[in-house]
Amino acid sequence: MIFDWLIPSLIATLLVLAAIGALRRVNFWRAGQAEKVDMWAGLLAMPKRYLHDLHHVVERDKYMSRTHVATGGGFVLAMVLVILVHLFDIQSRILAWMLLAALGMMFCGALFVFKRRLNPPSRLSKGPWMRLPKSLLTFAITFFVLTLPAAGILPESLSLSNIGLTLVSLVLALLVLLSLGEMLFGMTWGGPMKHAFAGALHLAFHRRPERFGGGRSTGLKPANLGGESHGVAKPEDFKWNQLLGFDACVQCGRCEAMCPAFAAGQPLNPKKLIQDMVVGLAGGTDEKYAGSPYPNVPVGKASGSPQEIITEGLVSADTLWSCTTCRACVEECPMMIEHVDAIVDMRRFLTLEKGDTPNKGAEVLENIIATDNPNGYAPGSRTHWAADQNLAVMKDVKKAEVLFWVSDGAFDMRSQRILRAFVKLLKAANVNVAILGDEERDSGDVARRLGDDATFQSLAKRNLATLAQYKFSTLVTTDPHAFHCLKNEYADFDQAGALKDVEVLHHTTFLNRLIEQGMLQVDRFKGGKVTYHDPCYLGRYNGEYDSPRALLSSLGIEVAEMERSGYRSRCCGGGGGAPITDIPGERRIADMRMEDVAATGAELVAVGCQQCTAMLEGVVEPRPQVRDIAEIMAEHLVEQLVEHTVEGAA
Amino acid sequence: MLPKVLALVSIGRHPQSGRERRAEQDGRAVEMGLCLQERQLMHLSVAHAGNADSSVLRQYAGMGLSKLSVLAQQANEDVLSPLIDYVEAQQASMVLMGVRSEMGQSSGMLPYLLAERLGWPLLPRVAEIQSIEEGVAQVLLALPRGQRRLVSVALPFVATLDNAAKAPRQTAFGPGQRADIEVINTTSIADEVAAQWQFTPAKPRPKRMKVVKAKTAADRFKAATAKPVGGGGKVLKNETVEEKAQAIFDFLLEEKVIR
Amino acid sequence: MTEHEDILRRDPRAEWIARNRLHPLHQAMTQVSAVVRGPSGLIRKNPHQVGFIGPNGIKRIDRLAGNGQTATGAKRRSSAAQEVTLPLHQVVEPNAYIIVVPDMAGGRLTAQDKDILGLAHELAKQRKALNADENLAVVAVCFGESKEAQFDEAGVDRLIHLLSAEYEGFAPEKRLQALLQIESIYQPKHWLFPDSVHGGTDLALRLAVKLDERPAAQAWQVSIDTTTCRAASGSQDIQRETPRILMILEECGQAIDETRHEVLPLALEVESSVEVRLEDKGLIAVDPNAVPLAEAEFILSAGNGIHNWQQFHDCAALLGATEGASRVAVDDGYMPRMRQVGASGTWVTARVYVAVGISGAIQHMQGIGQCDKIVAINTDAGCDMVKRADLAVIADSEEVLAVLCRLAQQHTGKTLEQTETTSEVSHVA
Ligand SMILES: Cc1cc2nc3c(=O)[nH]c(=O)nc-3n(C[C@H](O)[C@H](O)[C@H](O)COP(=O)(O)OP(=O)(O)OC[C@H]3O[C@@H](n4cnc5c(N)ncnc54)[C@H](O)[C@@H]3O)c2cc1C
Ligand code: SF4
Ligand code: SF4
């Protein structure tokens, strides 16, 4: 009978097609560059990574997390059982009942997916994704019906005799074709279900396995210098597992919803960018893309292939330069895709190979090369700000407990106020501290984010060589960008171990320890309402959300949190060299952030970064005041403690 | 075959750090040469007389040069003769260079000597080459404050570039590293005259004080009561709008920006 | 002021110059003001002497005359009558020369030119001390039309004025030829040029190459035996023997201010045989607004405090200023991006920068760090721009600009339409 062989052969055919598709897809990824991955460990860790880490992210949207567990879990279980029951025809009531249960669970999940799709938020992609809940429901219902006989609910003989039932079975076969086509064929041939296949493998072969299990891995990977080309010019220049990662995207648009550049109307949408990478790795155009475009850029005109230069037709350079590297997208992505890595990889090509860093980019890089600071100031004037600070310089003292990394704020009058405030606090706590003075150089942060890894690496090596000459156990800095470089990115170049046993800290962390140890005493803050802006390079890059808040509460401040704070903090617009490349949008990111601040009713916004201070103070008045936490602390320092400790020390 | 333009580059000096860099005007010479090449008017080659190991040469090459020739020279040797030989060997019909080098004597003589010895005319402070037709170039010279003068001249010629010329394009690390640096050995002659000179770090040049040689009592009084320069400006608050505007206008007249 | 002081004294020398059309000062003395005193002290007007003939043969009126600092003639003389008449420095039958080739930018001696004339006299004095027989005259070589009226007070003993049209504009080959002629006739002890972008450097180098001399470039300390020059973009000094040809930096001499000089003409016949290969096609009319922002001399810059944009543009056109803007004005779409001044825009070098309704955020200030003079128009007396300004006006921008527009119109006698269609020089038919 038709029925007997039709369904199994359909399943078998689709499985074969899926396998072919899978091989084809794998070949796309293999076009990428080699990258060492511990395959077996990854595969073994995959279920845990899915259940724990991925769900940790999905969990932020409770609705979706439950829906996904039901639908996804139901489907995986059902699919295995379908193969056993319907393909291999294993006669087991227990299996059949299990299958029914799995399908039931999947059905419930799919109903919620369906509901979400009735009136989807703008961040979700439409197109084939609108079809998916229907396919899921069809799959669940069809196989439910098909499994009823096996479960002994419908007599098997019925299906053999009745002509009407033959018709029904034909219809069922068609439905099987449609739904299973979506699930299996679509999975490996580029349908929405691709995310399950690629996503699972992406979790297994992730380029930053450190991120799983609660870890953090935010430092950029060093570029190989000296080859025939630098950075990523074509999709095939990505590492193979980066390509795989792009394929894992579910087009959920959470990244888009968080992206400050997108919100400011700059031509960047991280979701579209990842989808364009998918277009690039598979070849074709973006015609079928059904989500929000890059603001003010029409969809359908982009095309690419693994061997074509990305910025010549697939993605415009402005898109890449709009990114502030705030990592909001990466933080939010349930598939743990690494947008920032990809963007900087492509920037590396533009800067190192094309010499095409927009606006002030070229000038800034040239300055960094010629003067070790982005504004081209005389390197010999780096310590002028500290002329009256009576600070020990490493060159003279050779060792100190704490090395204060001053950063390029040394050249900027506004930032100098933060530096002085911090020094005042250090002195009050009688910390044994020294600075590098004129031996310090730019950390290389800006050069690296602008794609000039050659200059970054040169700075890193020279800075490390300087640091290696001195003894200190703690390095502390008021600049989260330098903090990130020193803490997370210098290790790749630190052969001599200059920072090996050194604890690198942000000043808020350090100050908080001083407060906890009672080394510092501060008065109660008497001003109005205060909110706190989490700098990206302190928060998302380094997970420090608590110390700044603890410091504020030590001042008796109850932080009026902004809607977007902590790991969801919205960027000030100052990172990644964005103020330098200055890609026009409809609004300024800093203006939006200031609106967030104003919405809390705060009169003062506390920050922990000189760059955030500059960006937020660049918003036209009237607006809330902007202060670094060190400044607020210094203003409220209880001074008599000083004499005490100085005597003690003397 | 397109006529050849030769851009001569030197090692610049960053005004703040004193470090070697791409010289501003020489970079512009390369930029102008590249533009002429992109417009298919001329074919560019770039040469440097000096030390072939300087990393700055890679910065010039990073502008998109596949090759850069170096006439190997010691620091205090006379570069003129090797350069002339080179220009002649290259059969160049235009030489572009900076007005003054950022290192060394900076006398600005080299382009003039080169032009004289080649018997070519020299165009000083070029901002732009508008066109080259039938061997005649229309050239814009830069005058102070954005003014321009049009000059027409037949090839071949030597031109020095003003800072008003198009800024040099960004230098890219990759192409710069891969470019071929061709070293040409030259016979060099030491500069004996300059060897007699003393080079010392620049002494600060005192800003000249306005010496008031008052001739009348009134002048002396004025000089004594005049506000010292740079001690904060004048603020007009309570005057009428007419008076305020008149004050600004007089200021502009005094500064000679209104003619 | 007593009546006595108002008595008009005859100045026989001035009258003689006024009569003598061939006198090098004739033009300068007579064009400044068309007013001439007759022997009886009556004012006589010579209607033919209004204005002067410009380089392309068109008659022009210099309206600044009588207003500008260099204004002289009758007006100046009458008040100068109270001052001591400066003693005349005479050189009778000179037997040695120092030649100064001033830039004469805009037809007048520049401050640098005057300093160099002073330096020439200083050198002459030093030479005289060594060799009392030397009777040295400082000669100025002046090419083309000149509006300079104070060669005497600037220290010019002798003047070679080459008036022929072929020296006008950009004519380095012709000028060089004349200099070579001077060299062969007068064998000057020194040639002094301003080291400047106005042509001094260019001409000096051309001459040096021809005479096979090693000139002193960027010289800033000069005595008769040693000269100190800046080198290596100002980071080094070269000390060397003083050569014959010197290019002098700004403010490196003390301009003459206690003597008058004879300004006697020296004749020079120049055979015009030189081949001219650089053909001057003239100045290109540059609309102030087309001047690259970084090079502009005078910028009128708009910020968030501008509410009438048409008025702002009109005012810039009437004043002949290049337009600039703060980032807010650009962000709000009132001004194009290329007009933005500041950290993420252009760093400007204007001599005068007028900030209208700009608060003076640090990023904006970075862009105007190299400006000479700042004028602020702002309603907020406490803002940073006002603190930085050399002249600040606390008022509404629209009101002030309105009066400024009117003043500019009165001054030039032009309406907006005219400023947009005619070039900077007013033509008198
Ligand atoms: C990274 C970064 C880069 C930046 N780069 C630049 C840059 O390159 N250039 C730049 O300009 N800015 C830049 N900014 C922005 C800068 O911080 C300020 O926001 C901006 O300069 C303010 O512009 P404004 O003075 O026009 O506006 P406002 O600050 O709003 O000032 C307007 C002024 O006009 C006055 N005013 C209001 N009404 C009137 C009236 N009727 N008559 C007279 N005066 C009036 C007010 O008193 C006020 O002083 C940058 C900011 C950042 C963060
Ligand atoms: S990149 Fe990540 S967050 Fe963005 S749409 Fe894709 S899966 Fe969602
Ligand atoms: S890093 Fe920030 S700015 Fe860049 S794409 Fe992601 S969210 Fe957008």
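Which helices of chain A and chain C each supply at least two residues of the shell around ligand 1? I looked this up at the start. They are α26 (610-617) of chain A, together with α10 (327-331) and α11 (362-367) of chain C. Helices here are DSSP runs of H or I with at least four residues, numbered from the N terminus.

**Ground rules**

I noted that this is a predicted model, where local features need pLDDT of at least 70, side-chain atom pairs count only at pLDDT 80 or more, and totals for chains, interfaces and linings use all residues. Residues are numbered from 1 along each chain as its sequence is written, chains are lettered from A and ligands numbered from 1 in the order in which they are written, and side-chain values use heavy atoms, without hydrogens and water.

**Entry: ligand 1**

I counted a residue as near if one of its heavy atoms lies within 4 Å of the ligand. That gave 30 residues around ligand 1. A:G618, C:S326, C:S359, C:H364 and C:D396 come nearest. The residues come from chains A and C, so the site is shared between chains.

Next I checked polar contacts, which are pairs of N or O atoms within 3.5 Å; within protein, one atom must be able to donate a hydrogen and the other to accept it, and residues adjacent in sequence count only if both atoms are side-chain atoms. C:S344 puts a polar side-chain atom 2.7 Å from a nitrogen atom of ligand 1. C:G357 has a backbone N or O atom 3.1 Å from an oxygen atom of the ligand. For C:S397, a backbone N or O atom lies 2.8 Å from a nitrogen atom of ligand 1. On its own, ligand 1 has 990 Å² of accessible area, and the protein covers 89% of it. I note the method: Shrake-Rupley with a 1.4 Å probe.

I sorted the shell by residue type. It holds 10 nonpolar, 17 polar and three charged residues. Ala, Val, Leu, Ile, Met, Phe, Trp, Tyr, Cys and Pro count as nonpolar, Asp, Glu, Lys and Arg as charged, and the others, Gly among them, as polar.

**Entry: ligand 2**

I found 13 residues around ligand 2. The closest are A:C249, A:C252, A:G253, A:C255 and A:C333. This shell divides into nine nonpolar, three polar and one charged.

**Entry: chain C with chain B**

How many residues of chain C are in contact with chain B? I read 84, against 71 residues of chain B. Contact means heavy atoms within 4.5 Å. The two chains bury about 7,300 Å² between them, 58% of it on carbon and sulfur atoms. Buried area is the accessible area (1.4 Å probe) that two parts lose on being put together, summed over both.

I counted eight salt bridges here. Each is a side-chain nitrogen of Lys or Arg within 4 Å of a carboxyl oxygen of Asp or Glu. One joins C:R406 and B:E242 at 2.9 Å, N to O. There are also 38 residue pairs in polar contact. Helix α13 (residues 397-412) gives the largest share of chain C's side, nine residues.

**Entry: chain A with chain B**

Here the contact takes 27 residues from chain A and 12 from chain B. About 1,400 Å² is buried, and carbon and sulfur atoms give 50% of that. I found three salt bridges. B:R19 and A:D372 meet in a salt bridge at 2.6 Å, N to O. I also listed 12 residue pairs in polar contact. On the side of chain A, α16(A) gives the most, with seven residues.
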